[in-house]
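Biologist: I am new to reading structures, and I would like to learn how to look at one feature after another. Could we go through this one together?

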Amino acid sequence: MRKTAHETIYDVAVIGGGASGMMAAIAAKSQLPEGGVILLERNDILGRKLLATGNGRCNFTNTLALPLDYGTSAEFTEPAMEAVNPLHVIQIFDSMGILYRVEDEGRVYPHSGQGATVTQAMERKLKQLDVRVKKNAVVEAVSYSTKFDIMLKGGKTIAADKVIIACGGKAGGQYGCQGDGYTFAKSFGHDVKKIRPALVAVNCRSDEADGRDAWKKEWKGVRSQAKVSLWRVSLRDGEETCVAEDHGEVQFTDSGLSGICVFNLSRHIVFTGNMKDGRNETYMMEVDFLPDWTEERIYHMLERRREELAEHDADALLMSVVNSRLINGLLEQVGFKGLTIVLDGVEEKTWPDLKTITDDQLMKLAKLLKGWRFEIEGTRGWNDAQVTAGGVDCTQVDPVTMESKLQRGLYLCGEVLDVDGKCGGYNLQWAFASGYTAGIHAAE
Ligand SMILES: Cc1cc2nc3c(=O)[nH]c(=O)nc-3n(C[C@H](O)[C@H](O)[C@H](O)COP(=O)(O)OP(=O)(O)OC[C@H]3O[C@@H](n4cnc5c(N)ncnc54)[C@H](O)[C@@H]3O)c2cc1C
């Protein structure tokens, strides 16, 4: 840290006191104990988003996370993910006093289940290292002449030899991330790849005008274990490509699908082009309610039930096979006609006897149970998203140091970069690995 007649020049200034920024400041100051490190955070607390992670339990890394698990080239993520792999992240937090537990699929949490302890441990470490922490500091612009000048809302300027942009992306804007990091990076000539909300619920088409199956609000609240796959369908020639698939609990909302497996698939939804509604293609989510069964086996099961329950109303066919609130939709979808009656002002569906259902309808039902398709209108918005897909173009950043290739002394880390991972601790793993890497190298 240097002092001139007019100002103090910090060795390292970190913009953003979230997961990657706190880690970057800790690493920089550990590397440079006598140096001046300042951490600037717009909120009145550090790690506001971190406190909300993992439903308040903070799933802070994943023992299975690998460089190729991210939505960018593994060549970029590899150096940081190897230098600070999940085991290192666990060790770093262990040294800060966080006892951890590993749960299903490698998810790592504080043992107590209280995510706030992660933020508290980081704050304690920042204090112990004597990092200058400035809260309520909204950075409005960053420029470089012989040093970096960081302009704060209110008119103050902070000077530094090195700057780390750790402002996050645009997801979870309510926690303080509004995309400012992209503006700062662009001002140094960086390109930003198209950003979009990811790890987010999707909205399904509810318009019944063209006779295709449409989303029904009454499905809200249904949960089902299933395999879900995402299909991209070209509007030019109808070609269909399976983009990705996942297993888990699918949740039906008033407007579409949700749940961790749907979140993971949402990362792959990228609408392009300019044809129908400004799109070249559309996306479908296909729900397989019986992933361990073949279509043939389902058909025989339905056939047997038709015989055994012949005199029952037709909806008995699918009782206990799928959630009862989905049964009417499935029967309608295969063209089986019921009657809607209004009893005391409440609409109710009644069905003819099960024996009247045809072989063809049984066949269609077996197919549908293996793959009920819903057209995706879009994802939910930024405030519902857990992460940002897209961001600062990684080819313009040195993967070993996280330094910008366009401006010496400028570093970027965390979600502001075009790196996103699936649910389960992958994104915090990246935030900590890239933050630590940026901090160490900025302090060199
Ligand atoms: C509800 C929710 C749950 C999640 N759960 C998990 C989970 O369990 N596991 C997991 O791995 N990931 C999870 N994530 C994703 C994870 O939290 C992020 O990927 C991660 O926090 C990104 O770290 P970051 O440091 O890049 O950004 P952030 O943690 O978002 O931090 C950026 C910080 O910069 C500050 N800032 C922004 N602009 C300015 C400015 N102009 N001036 C000053 N400060 C500024 C912000 O206020 C913020 O504090 C979750 C996300 C959400 C929204």
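Modeller: Let us begin with an idea we shall need, namely that two residues are in contact if their C-beta atoms, placed from the backbone, lie within 7 Å. Please keep in mind that this is a predicted model.

Biologist: Which residues is I15 in contact with, leaving aside its neighbours within four places in sequence?

Modeller: With those neighbours left aside, I15 is in contact with L40, V139, I150, V163, I164, I165, A166 and C167.

Biologist: How should I read a nonpolar core, and which residues have the most contacts inside the largest one?

Modeller: In soluble globular proteins, nonpolar side chains tend to be buried together. Here the largest nonpolar core has 122 residues, and those with the most contacts inside it are A13, I15 and I164. Its largest share, nine residues, comes from α11. Because domain 1 (2-198 + 382-442) and domain 2 (202-379) both give residues to this core, it lies between them.

Biologist: How many residues of each domain are in contact with the other?

Modeller: Nine residues of domain 1 are in contact with seven of domain 2, and strand β11 (residues 192-198) gives the most to the domain 1 side, with three residues. That side of domain 1 has four nonpolar, two polar and three charged residues, while the C-alpha centres of the two domains lie 41 Å apart.

Biologist: Which residues are closest to the ligand?

Modeller: Of the 38 residues that surround the ligand, the closest are G16, G18, G168, G176 and G414. The elements giving two or more residues to this shell are α1 (19-31), α2 (48-52) and α11 (426-442). By class, the shell has 16 nonpolar, 16 polar and six charged residues.

Note on methods
Residues numbered from 1 in each chain as written. Predicted model: local features only at pLDDT ≥ 70, side-chain atom pairs only at ≥ 80, totals over all residues. Domains from an automatic or database assignment. Helix = DSSP H or I, 4+ residues; strand = E, 2+ residues; numbered from the N terminus. Nonpolar A, V, L, I, M, F, W, Y, C, P; charged D, E, K, R; others polar. Near = placed C-beta within 6 Å. Core = buried A, V, L, I, M, F, W, Y, C linked by C-beta atoms within 7 Å. Buried ≥ 20, exposed ≤ 12 C-beta atoms within 10 Å, placed from the backbone.
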